[in-house]
Protein chains: 2
Amino acid sequence: MSEPTRILLEEHEIPTHWYNIAADLSTPPAPPLGPDGKPIDPSAMAAIFPEPILEQEMSRERWIAIPEAVRETYAIWRPSPLMRAVRLERRLGTPAKIFFKYEGVSPAGSHKPNSAVPQAYYNRQVGIKRLTTETGAGQWGSSIAFAGQMLGLEVRVYMVRVSYQQKPQRRVLMETWGAEVHASPSPLTETGRRILATEPDHPGSLGIAISEAVEEAASRPDTNYTLGSVLNHVLLHQSLIGLEAKKQFEKIGLYPDVIFGPCGGGSSFGGIAFPFLADKFAGERRAAGLRCVAVEPESCPSLTKGTYAYDYGDASGFTPLMRMYTLGHDFVPPGIHAGGLRYHGASPLVSQLVHEGQVEALAVPQRATFEAGIQFARAEGIIPAPESCHAIRAVIDEALRCKETGEPKVLLFNLTGHGHFDMSAYERYLRGELEDYTLPDELLAEALRTLPSVG
Amino acid sequence: MSEPTRILLEEHEIPTHWYNIAADLSTPPAPPLGPDGKPIDPSAMAAIFPEPILEQEMSRERWIAIPEAVRETYAIWRPSPLMRAVRLERRLGTPAKIFFKYEGVSPAGSHKPNSAVPQAYYNRQVGIKRLTTETGAGQWGSSIAFAGQMLGLEVRVYMVRVSYQQKPQRRVLMETWGAEVHASPSPLTETGRRILATEPDHPGSLGIAISEAVEEAASRPDTNYTLGSVLNHVLLHQSLIGLEAKKQFEKIGLYPDVIFGPCGGGSSFGGIAFPFLADKFAGERRAAGLRCVAVEPESCPSLTKGTYAYDYGDASGFTPLMRMYTLGHDFVPPGIHAGGLRYHGASPLVSQLVHEGQVEALAVPQRATFEAGIQFARAEGIIPAPESCHAIRAVIDEALRCKETGEPKVLLFNLTGHGHFDMSAYERYLRGELEDYTLPDELLAEALRTLPSVG
């Protein structure tokens with residue numbers, strides 16, 4: 001056991017500050033716009049977000065202190081291990097060194113609590129008693145249920161009805177942590193009641209669930225809304241992942257050549273990549289050749305086939321307009337199993353970096369991601385979540401290229417969560433029931449036609 | 001963050017030797033007997049177990065070296081964290097300090113791989129190519145599927161048909177790791193074919209699945225059988241848990257006053273308690289007042305209501321007779337949700353220690369265990385497996401006693417696994433659908449009448 005499998009940090013090495021990449025961008029981030037096409041005042045969102053979160057959303061400070069109570073809650077599972085996939089390297093016969101940051105060790109089984117905990121903390125700090133959110137497969141919903149319980153806030157989750165019925169496990173997980181979970185559309189909001197009046201069996205959608213959660217938060221002074229990806233403050237919180245990984249690489253005297261993260265809304269990719277990009281922006285020699293690759297599903301290819309433009313963050317047009325890569329807010333991704341990557345747009349920060357050529361984007365087909373996930377599981381033992389399988393597909397392909405060229409590159413990816421809640425997706429893959437889906441050009445053109453004409 | 005939440009060890013601190021409590025018993029363990037009532041020769045079991053495992057089963061050496069390849073595989077998730085449940089302490093208002101060893105961090109989500117890995121290793125060492133086993137809820141089956149894949153052996157699992165149909169998640173987990181899983185009774189064995197001939201829809205039982213797995217192993221020279229609890233070598237392997245916990249307590253200068261482990265077959269209780277009992281047997285002052293409590297379900301109370309006698313390890317009478325606390329091998333435990341604790345007997349080593357008054361036994365009702373599990377989950381964030389909830393019930397009750405007496409006791413329990421595969425049990429509890437079941441005296445008397453008249 002000369003080289004360790006897991007590179008661990010002590011609890012006191014949990015970062016004391018989050019890293020804010022907005023401080024290091026060559027051009028300022030494009031501001032969110034209101035429906036009139038003018039930059040919106042942050043106070044316009046004060047009805048649903050607490051002041052400290054709005055400040056973080058707009059901040060261009062490089063380092064933002066992590067409150068001690070947040071660090072104490074992180075300590076339940078953080079620092080997470082950086083692991084070397086030496087068995088996978090051997091099976092691939094690659095000279096590359098493959099590392100992964102394992103975020104599946106959190107109580108919710110994914111990286112999402114990294115942002116859920118501070119969001120709950122700041123809301124409590126300003127006197128908020130209740131949080132609402134929407135959830136599809138339940139990853140964010142369960143993380144905010146966990147965080148709310150840890151920090152003493154009530155949580156109500158609007159869960160897309162079809163998931164509520166077909167995926168009871170994460171719903172029960174949320175209830176075990178004390179959250180109220182409602183099938184959306186629900187009779188609890190105007191939005192829900194209007195839909196149910198004409199279609200009582202409506203299967204729901206993420207867009208409708210967002211509308212319900214926002215409507216409730218906006219109408220109750222004791223209640224705020226939370227979002228698990230896309231926005232700047234979420235990527236700020238997730239920078240923990242990369243900051244810890246940097247310390248862990250320093251312990252073993254290595255530095256990554258290529259970093260891979262799955263990319264839907266962008267929080268897991270930004271979380272692992274941004275702190276390393278900081279070194280590149282600072283002109284550090286070790287980061288001079290660093291490549292960062294955002295890996296998205298071929299069936300929902302916002303970064304690789306979308307347009308860099310202003311669009312709504314949600315399907316219904318309730319949110320401010322954000323400048324990002326988008327497939328059009330009307331785009332409905334097909335039923336792929338990486339629920340966390342089914343998003344029509346992408347984080348404005350990630351989008352800007354892709355647009356400026358600082359970050360590469362890559363789209364991979366669904367079956368190839370499960371093939372990679374199973375190859376990884378059989379080599380390393382850990383069953384990855386379907387989202388993580390996207391990064392694994394890309395890292396295996398890169399390791400195989402290294403085998404051809406003989407380059408001993410250091411590869412790093414974000415293993416964002418375990419797949420213990422996703423066994424039905426693995427079952428469908430193993431039974432040969434999963435399909436690939438490439439977005440037809442006509443459909444793409446049609447979706448993009450819905451882009452608002454502002455910005 | 002003055003006191004750490006998680007006490008971690010480095011990879012090189014994974015123990016180099018397992019602890020064998022058989023070396024320290026005041027009277028030698030009672031030998032297993034054949035159907036003729038005479039001690040069986042270990043070679044009688046050589047058709048299904050490899051030599052090194054049989055040696056460990058009979059060994060009275062105190063320390064047995066852990067092969068380096070086994071330690072390297074352990075390093076995927078070990079050393080596991082020792083954690084302080086400080087939030088639970090606060091919510092209970094107890095002066096007690098509550099610690100738990102968290103075994104849910106393994107790829108299979110439980111402590112079972114601690115023994116699956118060395119069992120796979122020793123079988124490969126003697127040239128075995130395939131392993132068989134039985135599984136009910138799937139905890140052991142998935143652990144041996146993981147270990148077989150890690151060490152290069154094929155695995156075939158006979159899964160009780162009713163679980164195969166109703167609990168597909170762990171089945172898919174096994175398949176993801178490359179194991180073949182068959183519903184039992186199956187057409188692959190004599191035993192299975194005989195049953196299916198008269199009852200094609202037979203729901204199966206653990207006893208039948210054991211018979212199928214043993215039959216196949218006995219009839220194929222390249223194939224051996226594996227068992228996940230009860231036997232001495234399994235408890236030997238699980239001693240890792242307590243050995244690591246001792247090192248972790250030394251780091252913080254504390255020592256437990258009371259240790260709690262859930263107890264079905266006995267591997268998780270023995271795993272955490274035996275290395276501390278070693279200190280007591282050695283006359284160490286710090287262990288003079290140590291109490292160890294095995295916590296079992298009230299519905300399957302072998303240690304608290306069973307008889308200390310020779311009985312078969314399986315339902316069908318295929319195995320040697322072992323001296324243990326038993327409810328009679330015909331006893332069919334009711335459908336409680338802690339599948340890992342549904343066993344008519346108990347480890348002979350744990351049984352002997354209970355019989356000699358070195359270990360206490362306690363039975364708890366089902367609903368109270370889920371109540372405790374949810375209380376724990378809401379305080380500490382981690383969702384415990386239903387088996388672990390038994391230990392949590394006992395530790396909360398002890399902490400509340402400490403609140404009355406003002407004693408700042410140090411309590412330790414084994415959190416044997418996460419509950420992410422058990423959300424349906426939590427759901428039934430939350431919906432008020434779970435029932436308690438106390439074994440009626442008549443039924444107990446009837447079951448005990450089936451005890452064989454040997455030994």
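Student: How many salt bridges are there between chain B and chain A?

Tutor: The count between the two chains is four salt bridges. This is a predicted model, in which local features need pLDDT of at least 70 and side-chain atom pairs count only at pLDDT 80 or more, while totals for chains, interfaces and linings use all residues. Residues are numbered from 1 along each chain as its sequence is written, chains are lettered from A and ligands numbered from 1 in the order written, and side-chain values use heavy atoms, with hydrogens and water left out.

Student: Why is the pair Glu427(B) and Arg171(A) called a salt bridge?

Tutor: A salt bridge is a side-chain nitrogen of Lys or Arg within 4 Å of a carboxyl oxygen of Asp or Glu. The closest N and O atoms of Glu427(B) and Arg171(A) are 3.1 Å apart, so the pair meets the definition.

Student: Which helix of chain B gives the most to the side that touches chain A?

Tutor: That is H7(B), with seven residues. Helices here are DSSP runs of H or I with at least four residues, numbered from the N terminus.

Student: How many residues does the contact between the chains take?

Tutor: The contact takes 52 residues from chain B and 52 residues from chain A, contact meaning heavy atoms within 4.5 Å.

Student: What area is buried between chain B and chain A?

Tutor: About 4400 Å² is buried, and carbon and sulfur atoms give 54% of it. Buried area is the accessible area (1.4 Å probe) that two parts lose on being put together, summed over both.

Student: What makes domain 1 and domain 2 of chain A separate entries?

Tutor: The domain assignment of chain A gives domain 1 as 7-16 + 63-108 + 232-448 and domain 2 as 113-225. Such bounds come from an automatic or database domain assignment. Taken over C-alpha atoms, the centres of domain 1 and domain 2 of chain A are 25 Å apart.

Student: How many residues of each domain of chain A are in the contact?

Tutor: Domain 1 of chain A gives 28 residues and domain 2 of chain A gives 21 residues. The area buried between these domains is about 2000 Å², with 64% from carbon and sulfur atoms. On the domain 1 side, Ala108(A), His237(A) and Phe421(A) lose the most area to domain 2 of chain A, together 26% of what that side buries.

Student: How many salt bridges are counted between domain 1 and domain 2 of chain A?

Tutor: The count between these domains is zero salt bridges.

Notes
Helix = DSSP H or I, 4+ residues; strand = E, 2+ residues; numbered from the N terminus.
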